[in-house]
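Let us take a friendly walk through this structure. Have the sequence and the model open beside you as you read.

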Amino acid sequence: MEENCNMSEDGIRRAVSSLAVLETSCSIRRSLIAGEESPSRLYGKVSISPSSDLLPERAPNRSKTGAVLDSGVPCIKLYVGLVFLSLVGLVVVSVPVLNDRSGMSLSCPFASTSEGHDREIGSSAPADESKFSLEVKTTGDVKKQSADDEEWEEFTEDNCWSRSRHLLYRPEDRRLPSSPALERSLLEYEALHARCASGKTWESMADLQPENSRDDCKYVIYIEGWEGLGNRLLSLVSAFAFSLSTDRVLLIDTRGHLASLLCEPFNSSSWKLPGSFPYGEVQEFPGLGDVENYQNEVGINLNLRHQQSQRDQAFFCPETQEHLKDVKWLAWNSNQYYVPRLFMVRAFWMKLNPLFPNASHLFSQLVRFLCLPANPIWAKTERTYQSYLLSSRKLVGLQVRAQMLQEFSPEVYDKVRSCLLGGGIVPNVSQHNSAPRHFSLRGKKSMGSEGGTSIFVASLQREYYEALRDLYTDRGTEDGSLVSVHMVAYEGAERFTYDQAVKAYIDIWLLSFSDTLVTSGWSTFGYVAQGLAGVQPYMMNLREDAAPPFCYFGHSIDPCNHYPFLFKCGTTRNLSKEHETWVNEHLRPCQDESQGLQIV
């Protein structure tokens, strides 16, 4: 009996793994039928353990493919799994590898056919890329899709694999579940977005005129800038926070990269402006301070970049916000993160504060909702992680960006090395040419040996990766453990192309999967990574004029608002006592920019 069990153990185990995935999907969908909120919106409330077979936890006992070799599972349990599968009417089973790189397509026989458009956990990969598909159907479930069903497919979970999978890569304490108030607010916002964005064309200025719209909808147009990807993502989240606070519908510029990089965030409407949108006319909207009567204006251009005039800075004054309530279209031109500054405006604070009991989690929760990578980018991210980083016992993410330096700098590398080794983040290098702990010729760890550390490097210059790699291959570690160093992209310089943006976003997401994150101060790239990770990073001061300390622990997950422009309407004089107390407790100067503002 034991011999027969071992002979078929691999195939049976895969079937049981499929059953576990199916059971998770069905339990979630049954909760949807019962009227509960969509789990894809409950950032972390879906109880799927990272150690589940869907995504194996880093463990010492793995096969070459990464599958968990759990010899403690009784044979009888495996056979029971097969019997159960046969009872539910399994029609097609394509056996998965546990750490498969593609998505998964599941149909649930236990859910009512009335569930209609409810979302599924899991994802659907293209046929030429997927190694795994599981379809479970009963006779009654096979029916033709109506035109409405086909239209709905545009907004289903299958079109954003990362929505249901990215939390599986994070431990429980980093999932940062949102408050019930935020859940309700996002659902209400999605309904507003569907009402005001669905079926609209906006092909000429005439379509933008308030008298031609016949509704009370108001909009924010996110105009994508030319700066680095980090700046663009930070300003997009800021625009959404403003839109959420003012009940405006956020629409994004489709001439740039973000429309292709990111998933559609809303259930039943698109945030993408049509290609025929009159961008030229929108750019001719007057700016703040150029308007005498806001009620007569179709739209206003907001300059919220790092360089602003006194009139531009009036955006943060309460009286300006009162005037803007009468304007239908606002064009958001920015390369900055302004959420901390928004909290100083009473109207925004009153709207946002109840939604975020822990205000320092705001960016993490909004960026995970708004900025999920599109399927091709997510597929590459998963393949890279599972191929190179999954097997490590500890994963350290290292982002090296020295402002104003376009080439490798030995001085910068010394600071990086000092932070990593001096701070105990990675194992110390041996003073002697020591051998690693014994490994067999097949590469399997000997009993009792500990797993190694992986360092994932994100930098424009590959020399930082090469120097760290050579450091550990030339010397080894004091404790005999292994350290591997990995890098995906090394562009040399920013070129602002779409291909470079894709590589940069993959780097950001891989950094966010780290157990320990080390970033460069003043880098918006690093800010996005720490927000997605939900961690306070170690930060390196790599500027040429930097003074010690060169390495310190960040006091917040929230990014830094480098240019808060407090000169105009930037005091607490006119705030209520409660609001002033909140500001004094939660807003601090940034560690990497003393004139900046950060939520703590």
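## Disulfides

Please keep in mind that this is a predicted model. How many disulfides does a search of the whole structure find? The search turns up 5 disulfides. As a reminder, a disulfide is a covalent bond between the sulfur atoms of two cysteines.

| Pair | S to S distance |
|---|---|
| Cys-196 and Cys-217 | 2.0 Å |
| Cys-419 and Cys-551 | 2.0 Å |
| Cys-560 and Cys-590 | 2.0 Å |

Let us begin with Cys-196 and Cys-217, whose sulfur atoms form a disulfide. Cys-196 belongs to helix H6 (residues 180-197), while Cys-217 sits in the loop between helix H8 (210-213) and strand E3 (219-223), so this bond ties together parts that are 21 residues apart in sequence. The link is left-handed, with -75° about the S-S bond. Are its two cysteines buried or exposed? Cys-196 and Cys-217 are both buried.

Next come Cys-419 and Cys-551, also joined by a disulfide. Here Cys-419 is part of helix H18 (residues 410-422) and Cys-551 is part of strand E12 (residues 551-553), so the bond ties together parts that are 132 residues apart in sequence. Cys-419 has a relative accessible area of 2% and is therefore buried. Cys-551, at 27% relative accessibility, counts as partly exposed, because partly exposed covers the range between the 20% limit for buried and the 50% limit for exposed.

Cys-560 and Cys-590 are both buried.

One further cysteine deserves a mention: Cys-371 counts as buried, at 0% relative accessibility.

## Residues with a positive phi

Now for the backbone. Trp-202 is not a glycine, yet it has a positive phi of about 55°. Look for Trp-202 in the loop between H6 and helix H7 (205-208). With a relative accessible area of 7%, Trp-202 is buried.

Phe-496 also has a positive phi, near 60°, and is a residue other than glycine. Its place is in the loop between strand E9 (483-487) and helix H20 (498-512). Is Phe-496 buried or partly exposed? At 35% relative accessibility, Phe-496 counts as partly exposed.

Leu-587 lies in strand E13 and counts as buried at 9% relative accessibility. Leu-597 is 10 residues away from Leu-587 in sequence, and their C-alpha atoms are 6.5 Å apart in space. Which residues does Leu-587 touch, not counting those up to four places away in sequence? They are Pro-340, Met-344, Trp-582, Leu-597, Gln-598 and Ile-599.

Ser-243 is found in helix H9 (residues 229-246). This serine is buried, at 0% relative accessibility. Neighbours within four places in sequence aside, Ser-243 is in contact with Tyr-189, Val-220, Arg-248 and Leu-250.

## Helices and their packing

Helix H17 (residues 375-389) has 15 residues. From its first C-alpha to its last, H17 reaches 20 Å, close to the 21 Å expected at 1.5 Å a residue. Its buried residues include Asn-375, Ile-377, Trp-378, Thr-381, Tyr-385 and Leu-389. What do the buried residues of H17 pack against? Their partners are helix H5 (161-165), helix H10 (258-261), strand E7 (394-400), strand E8 (453-459), E9 and H20.

Two packed helices are described by the angle between their axes and the distance between the axes. The crossing in which H9 passes H21 is left-handed. On the H9 side, Gly-230, Asn-231, Leu-233 and Leu-234 meet Thr-524, Phe-525, Tyr-527 and Val-528 of H21.

Key. Residues are numbered from 1 along each chain as its sequence is written. This is a predicted model: local features need pLDDT of at least 70, side-chain atom pairs count only at pLDDT 80 or more; totals for chains, interfaces and linings use all residues. Side-chain values use heavy atoms; hydrogens and water are left out. A disulfide is a pair of cysteine sulfur atoms within 2.5 Å. Helices (H or I, at least four residues) and strands (E, at least two) are DSSP runs, numbered from the N terminus. Buried means under 20% relative accessible area, exposed over 50%, partly exposed in between (1.4 Å probe, protein chains only). Contact means heavy atoms within 4.5 Å. The expected span of a helix is 1.5 Å times one less than its number of residues. A crossing is left-handed if the near helix is turned anticlockwise from the far one by less than a right angle, and right-handed if clockwise.
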